[in-house]
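Reader: I am new to reading protein models. Could you walk me through one, feature by feature?

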Amino acid sequence: VSEAAYKTTPLYDEHKRLGAKMVPFAGWLMPVQYTSIVEEHQAVRNNVGVFDISHMGQFIVEGAGGRDWLNRMLTNNLEKLSVGMGQYTFLLNVRGGIIDDLIVYRIDEQKYLLVVNAARADQDFGWLQNHLKVGHASALPDSRDRKRNACATRLVSRSEDFGAVAIQGPHTMALFHALFGEDIELPARNHIIDVRFETSNLSVARTGYTGEDGIEVFFPANDAVKFWSAVLEQGKTLGIKPCGLGARDTLRLEMCYPLNGSDLSPERNPIEAGLGFFVDVSKPDFVGREALLKTKEFSPREKLVSFRMKEKGPPPRPHYAVFRNGERIGEVTSGTLSPSLNWGIGMAYVSSAHAKIGAEIDIEIRGQKFPATVEKKPLYRKAAS
Amino acid sequence: MIIPDDLLYTESHEWVKSEGDNIRVGITDHAQSELTDVVYVELPKLERQVNAKEPIAVVESVKAASDIYAPVKGTVLETNKALEADPGLINREPYGQGWIFLLKIDNADDLKQLKDAGAYQKQIGS
């Protein structure tokens, strides 16, 4: 790997020191694993794990017109957000296709934080900036409100200034208190708070991508090493492991959380992806709304389903063909051997007629068909303890 | 990385142990470490006649599937059934219990094409 061609996070040297295997991901050199994907996966399910997510993009939108403008850029309804809350949402193109899936937090009355995928950060920013400029330039009488809103809205990328880690697993709460003090309360699910850590100000959100209790912590890039080291030190007695992209992928897939670039793309819309819950079509206007209404009306041709192999065998992989009674009905977008279930699982787009819980399908693996069943999300559920 | 002196090696990271007219084949310590946790192994069919560099088995890690190649021309005599129940043997004992197949070779001279430990070490740069 020619390392110079890739961006590195402020934690790069820490990853190398810990013996991580570094791989290119979305233009970044990121740890795919430190010791073992399976061990790291289990650490998150049973104890606690920490992931470097500094590669993700962070944008700030602020100003008097920020909310109304963002509400026309994103699918979920920002009017539901009180200060300190976040929501999962989509940035769509005019065809309703997914440019990115992201979390938007309302961090002040007129200030929003957008946390976007590394692979799409530049594209997202360009898209948003262009729309903001069009808003500025527009002089049509009926868009006077838009112009006023756009002029009163500022968009800046803070991706370079921030580092971030995700702390995920059942011992998250214990680690949070060890780091920030017993008297500080964890934010509620999907909420974000500001916290003091030594001489730094950090933001802590109760969010994640693993299905476990967890937080995502944002801090100035300069504080990255200090905070990362403290997390590993304080987490020692809790069984913490640094975790790479490999475990991040198996954990999210067990929960059927989509991965942009695999399960989501500009050719797929949120309705096809089964994520209509995060689209508020009652909003009068947002980019992609018209296209989505057509989809809702006519129902999509294909849908994203979760499946589980019926027999122990080779794990499903992206791009494997999906069949039903010998007829090709779709393609796998994500697949792996689930470390928690020790069983092959995946997600696939299949024709809507077969996108039903319990449907029997076949996955073609190296020319041979292996039976699988369409299952309810998530594919992994914690045993009641 | 462990690279035993008494084995031969291929460019594609298989190790080869000479056993009379047969060779035992597995993947190197370096290969298992690069592949990460092995979760599934597809073994070749017994009696299958194979050519040098023909893909005849598949080792799957959590992240990806990788082909395993026949080091030389021959016939598959035996496969390591223990890998079906415990594919992690490849990670834990790549040169021992993690062997993959036994091949009856057509021509012992073919082995001269393979690398010795020194040449393999140079290839992986360790």
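Author: Helices (H or I, at least four residues) and strands (E, at least two) are DSSP runs, numbered from the N terminus. This is a predicted model, where local features need pLDDT of at least 70 and side-chain atom pairs count only at pLDDT 80 or more, while totals for chains, interfaces and linings use all residues. Residues are numbered from 1 along each chain as its sequence is written, chains are lettered from A and ligands numbered from 1 in the order in which they are written, and side-chain values use heavy atoms, with hydrogens and water left out.

Reader: Which residues of helix α4 of chain B are buried?

Author: Buried means under 20% relative accessible area, exposed over 50%, and partly exposed in between (1.4 Å probe, protein chains only). In α4 of chain B, residues 117-124, the buried ones are B:Ala117, B:Tyr120 and B:Ile124. Looking down the axis of α4(B), you find its buried residues within an arc of 65 degrees, so they line one face of the helix. The arc is that of the directions from the helix axis to the C-beta atoms. Among what covers these buried residues of α4(B) are β1 (8-9) and α1 (29-35) of chain B. Just after α4(B) comes B:Gly125, with a positive phi of about 65 degrees.

Reader: What is on the other side of α9(A)?

Author: Let us take the buried side to start with. Helix α9 of chain A, residues 289-298, has A:Arg289, A:Ala291, A:Leu292 and A:Thr295 as its buried residues. Down the axis of α9(A), they fall within an arc of 160 degrees, so they line one face of the helix. Their cover includes β5 (86-92) of chain A. On the other side of α9(A), A:Glu290, A:Lys294, A:Glu297 and A:Phe298 are exposed. Just after this helix, A:Ser299 takes a positive phi of about 60 degrees.

Reader: How should I read phi and peptide bonds?

Author: Most residues other than glycine have a negative phi, and most peptide bonds are trans. In this model, A:Asn325 has a positive phi of about 50 degrees although it is not a glycine. You will find A:Asn325 in the loop between β15 (321-324) and β16 of chain A, and A:Asn325 counts as exposed because its relative accessibility is 72%. A:Arg366, also not a glycine, has a positive phi near 50 degrees. That residue sits in the loop between β18 (360-365) and β19 of chain A, and A:Arg366 counts as partly exposed, at 34% relative accessibility. As for peptide bonds, the one joining A:Lys377 and A:Pro378 is cis, with omega about -10 degrees. A:Pro378 lies in the segment after β19 (368-375) of chain A.

Reader: How many residues of chain B are in contact with chain A?

Author: The size of an interface is often given as the accessible area lost when the parts come together. Here, 14 residues of chain B are in contact with 15 residues of chain A. The area buried between the two chains is about 1200 Å², and carbon and sulfur atoms give 52% of that. Buried area is the accessible area (1.4 Å probe) that two parts lose on being put together, summed over both. B:Asp37, B:Val62 and B:Lys63 supply 41% of the area that chain B buries against chain A, more than any other three residues.

Methods: Contact = heavy atoms within 4.5 Å.
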